[in-house]
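The sequence and structure come first.

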Amino acid sequence: MIKPAHIHSSLRGDNALPLRPASQVMDLERLGAMHQSRLSFMRSLMRKVMLERWQIVLSCCDLDEKGHGTVVYQISAPYGVYSFVLFSNWLDPEQRNDRVIAEQWDLTMALVAGKVDDHYLETLRKNVPKQEAGRVDSRVFVLSRANRSLRNFDYVVDTLAAGEQPDVQKIEQVGYLYRTTAVYGSGKLGMADWEKVQSRWPDFARPFSAEMFTCFMLRNFSLLQVEHIARHQSPDTFSPMDITIKRYVGIGNSTGLGMAPFLIHHPLLFNQWIEMRELALARVRVLGAVDSTIKKRFRKLLDRTTHHTRQTKTEDPWQSDHNIQVIKDLKALHKQSSQPFTRWGQLILWSEKNCSLQGQELLVSVLLELYPELVNKLEDYCSAEEFLDLDPIMPLQTLQTVIEDRYDWALTMDFIADGARDIFWYRSEEKMEPRLGDALKEKGKDRQMALGVGYAVRKCYDQLLDYISEFPDHNTARFMVARPKLRGIVRRIQSMNRCLYGDIQANLLHRDVLPMHLLRAKLSFFGVSKFDPKSRLWVRNTMFQGAPLLEDIGGTFDDDWFMPLSPEYRSDETIAITSTKTTKHTEEVAAL
Amino acid sequence: MIISMNELKAALRRCFEASGYFVGNYEDAANMVLWLEKHGLNGLKELELALDYIKSDRKKTMSKVVYEDSTSAIINCSGRSALNCIASAVDLAHAKALEVGISTITVHNCHNRKFILKALTDCGRRGISVAAYWQNGSTTVTEHTASIRAGARYPSYSESIMSSPADNASDKQSMTIICSSRVDISTSLQHSSLHRSSRYLSAEQVAANKENSVDHGIQIDDTLWVNINSIGAEILVENSEQSRQGAGA
């Protein structure tokens, strides 16, 4: 068990562990190169569900032969009983749209506290399928919707109906039957606030655990539904899906720009996630014993990660190139790890000189995987209250030094340069969807969201220097009375200075900014895999692939679903390239 | 209708942002309203009184320190709402208290002063004790005080209606803030024949009110909710084909 005092002394003071510096970790491109790990929220959730042996039973299954209707699962966890309520409706293919602005979906869902009676079910039925156009009450704490994967759903149903098993290579291509397009929590649309979830329902008191659980339940329903439809389609020939293939089916996710403002608006929370990940790495560096057994396991995980990357399909040239590089990096790491070494720090330093950012960050994830006893318990410290407090007594010269030390990255940026402020982030009147605008061509810059932290720091610094020359003895409180427009950025600077990692180091207003990095950073903490960018503004990915199924709860649990492989690899984790060579990228990847 | 605290906060942030409040300030203002409402102290009723005027503050001059020594200061808020200026006054009191142990800040020409309670609470959480006193109204005069102990999460609050309209002309929309890093300050209005009715909410009662809001959300008048959202809609950018491209379609 790790106590707060232990964490504090590991992060700060004379006995602090060797942490990577903020200048390295908070670089946007590196954040966008991070991968799922043992500390990711999906992994954390599954440990909880499996170790506490949650009981999840189907309490209502009212589906027609096409799989349309209502389903309710009842969940009994240590601190409470909950219901997962799902409505499946026929959807005109013309209406199928992953964007926030969609108005109809194949499935809509709600996670609700307590048992659901008929009366309450009717209330939910009237509202949940409408999503943003409906209202729910504070018994509901997650609301979500999903669309079928056109590439897989009917194929899997037909295959099972014919008494056959789906071709694993097809599941490799698209590892899911449904794709979530939004997962809402934290008080939206009348739902329970996070404050209520955290204090009243401890089973879901970790960040995003209720949202992740909803996706997990959707994945289980998707497997139930394809079997249900196939059974009705052909009762005589139907056969259920092989359980190893079932485990390989995840849930798809489409993520757009909405995640980017979240990270900027919750800097203390994001810093906390980073601190725990970096602390985990530092613990492994210092405390992780390196012997032949652990080296063997390490190389096995490198192999698994290599195959997982080979099985990641994307048509995006940027992502393809990076995947190819990652495979090269993993091969080089494998070779390097056969040289004698006694500390993981040696391999980390080597990777920083010889591997891509994605390769380096993948090494971090693999190292965390090796030492559950050093890493897992940090999952209890991934929450933070978002108090951005002003330090009113701070002398202005100290504030100046803080900016020069902690925001040197912002001070070295040229905000006058061509392209430096060409982008603006805004909310559209269409469902308040977050969007990016070109300041030179589009209207709306006057209503932009305040995401340009670097530029705000620069402006603050310039005004601060002028003020100091006039009033050198004033403190921050006095400065704030005179310059109230700077209050937001000053208290952010002071608050982030109290953190180890602080703000994301990037100019989000630059013409060439890649919001994809922000999305990937957050998604890696969720624990997704198989990034498949559809533009620089949104990405498809896969959740819960390889995770235990409902029927696995109560059985043995090895917590070993990192970088999941298709069943044919999983059996012995040997190298066997069998993927269909349909694109140049696939051929290149397979050749490595 | 019933809304969540998060919905109210998000809508208020848009509302204040659209009203010309600057970054940092619109979050403060939203939190001040939400804090009062969530703790059973009628934040939405106070907001209704302020709503017609919130856009006019952008034309007013900024607050100014008109007098200052090591233990005290006088700030002229130029007729602004406490929603956009009182936090700085509390910061100044806080800073002086840390420097000299106890400080007094007098604020003039400041409206909607009840919103100070959120700023007081932030001080308490951070280990500083604070008290505030003010009067309000001209025909019906009310008297208010709130205080929080160092390290506490909730303040106490008292209010009274004066039994006869006093000559309040000299009041200047003032407030007195006393802040200490050494002494725990606790205030309540004295029993007085001048009071027609009084109420006192202990820190425990304030905490209990919060628990109710956490469990059940916030009750809001439909018209006010529409009003807040329609002001906030001014920060939304109109839709266009080009704009849709900016979402990555």
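**Helix pairs and sheet in chain B**

The model is predicted: local features need pLDDT of at least 70, side-chain atom pairs count only at pLDDT 80 or more, and totals for chains, interfaces and linings use all residues. Residues are numbered from 1 along each chain as its sequence is written, while chains are lettered from A and ligands numbered from 1 in the order in which they are written.

**Helices 1 and 2**

- Helix 1 (residues 5-18) and helix 2 (residues 25-38) of chain B pack at about 140°, with axes 8 Å apart. Helices (H or I, at least four residues) and strands (E, at least two) are DSSP runs numbered from the N terminus. Axes are lines fitted to C-alpha atoms, for helices over the stretch in contact, and angles run from 0 to 180 degrees between N-to-C directions.
- The contact residues of helix 1 and helix 2 of chain B divide into 9 nonpolar, 1 polar and 5 charged (Ala, Val, Leu, Ile, Met, Phe, Trp, Tyr, Cys and Pro are nonpolar; Asp, Glu, Lys and Arg charged; the others, Gly among them, polar).

**Sheet**

- Chain B has an open sheet of 8 strands in the order 2-3-4-8-5-6-7-9, with mixed pairing (two strands pair if DSSP finds at least two bridges between them).
- Strand 2 (64-68) and strand 9 (195-201) of chain B are the edge strands, each pairing on one side only.
- Strand 3 (residues 72-81) and strand 4 (residues 102-111) of chain B pair in the parallel sense over 7 bridges; Ile74(B) has Thr106(B) in strand 4 of chain B as its bridge partner.

**Helices 4 and 5**

- Helix 4 and helix 5 (residues 116-125) of chain B pack at about 30°, with axes 9 Å apart, which makes helix 4 of chain B roughly parallel to helix 5 of chain B.
- The crossing of helix 4 and helix 5 of chain B is right-handed.
- Ile86(B), Ala87(B), Val90(B) and His94(B) of helix 4 of chain B meet Ile116(B), Ala119(B), Leu120(B) and Cys123(B) of helix 5 of chain B.
- The residues of this contact divide into 7 nonpolar, 1 polar and no charged.

Technical notes:
Parallel < 35°, antiparallel > 145°, perpendicular 65-115°, else oblique. Left-handed = near helix turned anticlockwise from the far one by under 90°. Contact = placed C-beta atoms within 7 Å.
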